[in-house]
Amino acid sequence: MEDAAERAFAMARRAVFEQEQLIARYLAEEDEGKTELAALQRMSVNLQALQAMSRYLSAMNRRIARAQSERDSLARTAEARREELVKATQARKVLEKLRERRMREYGRGVDREEQKRLDELSSGR
């Protein structure tokens, strides 16, 4: 159970990382577009070219917003997977402690029985 939770958490973290990389690429594209738009404005090119670049930048802004929203959703999923991993790890540790305690109790019981037999043998002489 803990292994599955660990794999799910790793996959969720990777998805967040990949989304962040996509956002970084979009932001770089947007910056290039803004630079190009500023150059076009300085060159006094035709209105159509300026409008086209402006539409492109608007589309990039929408793309970035969607990617950021998706990243936020993926981050929430990753956090949920992390919490599941923490719970699975805690459950495993509780079971390990219980198993160790039962082994100690069993060992003490065996020791008591052995001591009892030894006492019976020594008193029977």
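The radius of gyration is taken over C-alpha atoms, and the globule rule used for comparison is 2.2 Å times the number of residues to the power 0.38. By that rule a compact globule of 125 residues would have a radius of gyration near 14 Å, whereas this protein has 33 Å. Along the principal axes, its C-alpha atoms fill a box of roughly 115 × 15 × 15 Å.

The model is predicted: local features need pLDDT of at least 70, side-chain atom pairs count only at pLDDT 80 or more, and totals for chains, interfaces and linings use all residues. Residues are numbered from 1 along each chain as its sequence is written, and side-chain values use heavy atoms, with hydrogens and water left out.

The secondary structure comprises two helices and zero strands, these being DSSP runs numbered from the N terminus (helices H or I, at least four residues; strands E, at least two). Helix 1 (residues 2–43) packs with helix 2 (residues 47–123) at an angle of about 165°, their axes lying 8 Å apart; axes are lines fitted to C-alpha atoms over the stretch in contact, and angles run from 0 to 180 degrees between N-to-C directions. The two helices are therefore roughly antiparallel, a label for angles over 145 degrees.

Arg-63 lies over the face of Tyr-26, at 5.3 Å from the ring centre. For such an arrangement, NZ of Lys or CZ of Arg must be within 6 Å of the ring centre and within 35 degrees of the ring normal.

Notes
Angles under 35 degrees count as roughly parallel, over 145 as roughly antiparallel, 65 to 115 as roughly perpendicular and the rest as oblique.
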